[in-house]
Structure formats: C-alpha cells, structure tokens
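Please look through the sequence and the model with the points below beside you. They take up a sheet and then a pair of helices.

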Amino acid sequence: MKKGRIQSEPRALISLEEVSMNYSRDGSPALDRISLEVEAGEFVFIVGDSGSGKSTLIKLLLHELRPTGGTIIVNNVNVGKLRHSKLPKYRRNIGVVFQDFRLLKDRNVYENVAFAQRVISVPSRKIRKNVPSVLSLVGLAEKYKQNPRHLSGGEQQRVALARAIINDPPILLADEPTGNLDPKNSWEIMKLLEEINEDGTTVVVVTHNREIVNAMQKRVITMKKGVIVSDQARGGYIDEDY
C-alpha cells in the first residue's frame, strides 16, 4: 500500500451533479437530482432505508448503470460518457467489497487475492510479493492455502477486502460489508477500513449498522426516496422521519 496519497490541496475525487436515475418512465426515480462531492482521503458513510437509492448510487459509480440525468465524475473520468472499452481500466481504480463476499470458491485464499492482479497482467514475481503483504495486512497470512469455504464469515470478508485493495485503488467502495457478520467481526472489518483510509484511500461505506455509524463519527450522508436529506461532516445515523 502506498503512503501519503492524500494531497495538500483537497480535491473532489467523486463528484455528482444533479444526478438522476429512472428505471422506468412511470415509476418514481431511484435517484432524483442528487449532488455531492467526496474529496480524496475522506471516509464517508452512506445510510438510509431500503429503497433510498444507496445501491443505485454504488452501481452508478461502478458504471453498472448509466444515469438518466446529470454528471458523474470519478477520478477525473466522466463516467456517463465512458466507453465500454475503457471500463476495465476505469474499474481498476475502484476496489469493491460486497456483503456476500463474492469469492471464487474453486480457488484458495492466495489465488483469490492474486486473481485481481493476474487480470491486469501484474508480473508473477510481483504477485508473489504483493499477495503475502496484503494478506498480512488483513490478518490472514497463515491461511493463504485455505479454501474460502472453510473460513468464517469474518475471514471471508477479510479475503474480499485484501482482493479489493491489492491493486492500491484510490477509492474503496464497501456495500454493506458487515451485513453478514456478527458484532465482533463487524468491528474488526471496520477497523481495517479505517486503517486503509488512514493510509490514503478514499473509503465510501453503504451500511444499515447504526451502532458502527454512531460510534465512528465520520461523514454521514443520509438518503431517503432518492434524495440526500442530510450530510453531516461528523455525524451519526439519523432516525427522524423526513
């Protein structure tokens, strides 16, 4: 992992301007003209009830969906105008961790993490150096030969996290990373995310976990019915009915 990525002058690494997403002409928009900026080095929680637009926002950032209105700029790339041929290169700059881990069950821990480097043609000698280093970072150095099926949920999420950060992306998106974990493992994952953020990576976490959000006191963006209803620099989970 690189040190000192945060620059002296803050800049918007993620910028959304009047972004809308309509899945159908007749239905309510999943996102309704939302605008926000996330600067390099920030740690941001995105919270809200089911149907608030959180998952749609993540899919737009990953370019799994194209917005029906507005502009999305990520790492100086206009995502809405991104050509399909440029998509793999774009996604290399975004690490992603999902609730359901999404590990390769036919490969061991080492190969799951190494896969993220093989697909971008990292030389084997570098992979042999990088994989043990990142597994050590997430506390799994001794389990590199294990199959993910034999690991606990917390350990599987650590493997997923190692895979997400091994290419040193400037942005890490975590979509309900503690959704399938017990409280102890949830806190361990959040501690790792905080350490990754302190190392310079911009971290955006979608979560329903009130306890974690309230305790960590990071920036909290609250969504409801496709709009942003609150943006707190250091806040907690808002339960008020907007």
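1. Two strands count as paired if DSSP finds at least two bridges between them, and strands (E, at least two residues) and helices (H or I, at least four residues) are DSSP runs numbered from the N terminus. This is a predicted model, in which local features need pLDDT of at least 70 and side-chain atom pairs count only at pLDDT 80 or more, while totals for chains, interfaces and linings use all residues. Residues are numbered from 1 along each chain as its sequence is written, and side-chain values use heavy atoms, with hydrogens and water left out.

2. Four strands form an open sheet in the order β2-β1-β4-β5, with antiparallel pairing. Its edge strands, each pairing on one side only, are β2 (31–39) and β5 (77–78).

3. Between β1 (residues 12–21) and β2, which run antiparallel, there are six bridges, and Ser15 stands opposite Glu37 in β2. Helix α1 (residues 54–61) packs on the sheet, where it touches β1, β2 and β4 (69–74), contact meaning heavy atoms within 4.5 Å. The direction of α1 makes about 120° with that of β1; angles run from 0 to 180 degrees between N-to-C directions, and axes are lines fitted to C-alpha atoms, for helices over the stretch in contact.

4. The axes of helix α5 (residues 153–165) and helix α6 (residues 183–198) come within 10 Å and cross at roughly 15°. Therefore α5 is roughly parallel to α6, a term for angles under 35 degrees.

5. Gly154, Gln157, Arg158, Leu161 and Ile165 in α5 meet Asn185, Glu188, Ile189, Leu192, Leu193 and Ile196 in α6.

Definitions and conventions
Parallel < 35°, antiparallel > 145°, perpendicular 65-115°, else oblique.
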